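Here are my notes for someone opening this entry for the first time. Have a look at the model, then read the points in order.

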Protein chains: 2
Amino acid sequence: MIGIDEAIAEIKSAITAGRLVTIIGEMEVFYEGRSISWLSSGERLLVIKQDRSVLVHRPTGYEPTNWQPAGSHIDVWGEEGKLVIVSKRTSPPEMLKIIITRVLSLSSFGLRDEGEFQIHAREEDMKQAIIAEPSIIEDGFRVVESERKTKSGYIDVLGVDREGRLVVIEIKRESADIGDVEQLVRYSTQIEEEFGSKPRQMIVAPRLSSRAARKARILGVEFRQLSPRKAQEILRRRKGLDRFLCSAD
Amino acid sequence: MIGIDEAIAEIKSAITAGRLVTIIGEMEVFYEGRSISWLSSGERLLVIKQDRSVLVHRPTGYEPTNWQPAGSHIDVWGEEGKLVIVSKRTSPPEMLKIIITRVLSLSSFGLRDEGEFQIHAREEDMKQAIIAEPSIIEDGFRVVESERKTKSGYIDVLGVDREGRLVVIEIKRESADIGDVEQLVRYSTQIEEEFGSKPRQMIVAPRLSSRAARKARILGVEFRQLSPRKAQEILRRRKGLDRFLCSAD
DNA sequence: TGTTTAATATCGTTA
DNA sequence: TAACGATGTTAAACA
């Protein structure tokens, strides 16, 4: 158990100095902004990060029950023996109020984190795999452009098949849905308006939902199976090949 | 600074006892599963919750860089003076490996949290507001059913206008998009198949995107403006009215 | 600032 | 388990 006045002083100095604060204690939480929420008293973990983002975590579950993003303004004060923390931001106007009635643990650390984060096997990697090895779509396929802008949004990949016909490709890293098929058709319509001829339409994804498959058949949308993991393997193999070609150079 | 052996013992006993663990220290993080990621060494906050969910937070930002959801299996051991924590789950197969090289702080608490969480001004509240006060749609409008099942999904609200014509309503708490208009048309098609006559189609949302507005005009989809906050006010007013009616009773 | 798209999205609900 | 929609989604890229 830590005294309220002592806690206020430490939290204030930690926020000013840009240290990460963790508080474990009994607290109530109110939020008002895009929505309105109220969480009655219980024991939780409160984190104030070095960019003044705030997280309230209950003892279970991945998601914070309440939060406030970086850059918000934080006020801390005592009121009737309780510790009050209020975080506000203006755009959108949002307010998070935490009333702490008992502090079980409090710590603050200035953390240095220059680490690099790398992530693979995303939709971007699937696109790169198609660019690196267009034959995974079909023999004779060539990429013309990626992220081509249309009035309906950005086309993942625009290509040409061996007979010179345009191919509009929509990539999904998970099961493609009916909405994805409709989005592809919108892109296709834009391309037809621009080039005067109907392009082939193709979904590239690990799988199609049953509704999407039905809709795809009706609308003449083709499907090529590709998983993010397989795309990753292709890129890794290519990278190895490139290294070999360089060293042979 | 806390010794590795001491830390291992405390973490193991805390996980077994179902206590919430927070570790601040220098760590590397690897993830493999639906994707693959690698985060090089840096000072971070690691949280192991009482349901064995795991969160790795860098000193800034709302989101954890890496995580594992509840119910995963956690192993803890020492290796070359380092603390290794591995969390695995089978469906989908995912693995999170955290290698801690320096422990700055470690705490574990068995937290009691029976608090109730209430949230308002969501899409559900907008639906309840329409049910409570159908005239916000238009004079003479009546609700027939909510969450009516069709082959294309669940219709938010199905109603009848003053002339007895069916109205299919799709509610959005934010700006309605072209995809939402298309979803509404799918529902409408199902209703037409079932009842033999074309229903009115209506989007209820704070606003329509310009693309959605164009599509709506073409497809004969109507738009009624309603914000989640206004819906909340209607419900609050109604609730007050109900209380008055009860006390007068 | 607003729009659009991806995310290891998560989470709840339903078949 | 798969599918589908809601979320205070968040966050990044772009105009």
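1. Start with Lys149(A), which sits opposite Tyr154(A) in S10(A). The two strands involved, S9(A) and S10(A), run antiparallel and are joined by seven bridges. Helices (H or I, at least four residues) and strands (E, at least two) here are DSSP runs, numbered from the N terminus.

2. A word on the source: this is a predicted model, where local features need pLDDT of at least 70, side-chain atom pairs count only at pLDDT 80 or more, and totals for chains, interfaces and linings use all residues. Residues are numbered from 1 along each chain as its sequence is written, while chains are lettered from A and ligands numbered from 1 in the order in which they are written.

3. Strands pair if DSSP finds at least two bridges between them.

4. Chain B has a hairpin made of S9(B) and S10(B), with two residues between them. Seven bridges join these antiparallel strands, and Thr150(B) faces Gly153(B) in S10(B).

5. Which residues come nearest to DNA strand D? Of the 28 around it, they are Ser35(A), Asn66(A), Ser209(A), Tyr62(B) and Arg122(B); "around" means a C-beta atom, placed from the backbone, within 6 Å. S4(A) gives the most to this surface, with three residues.
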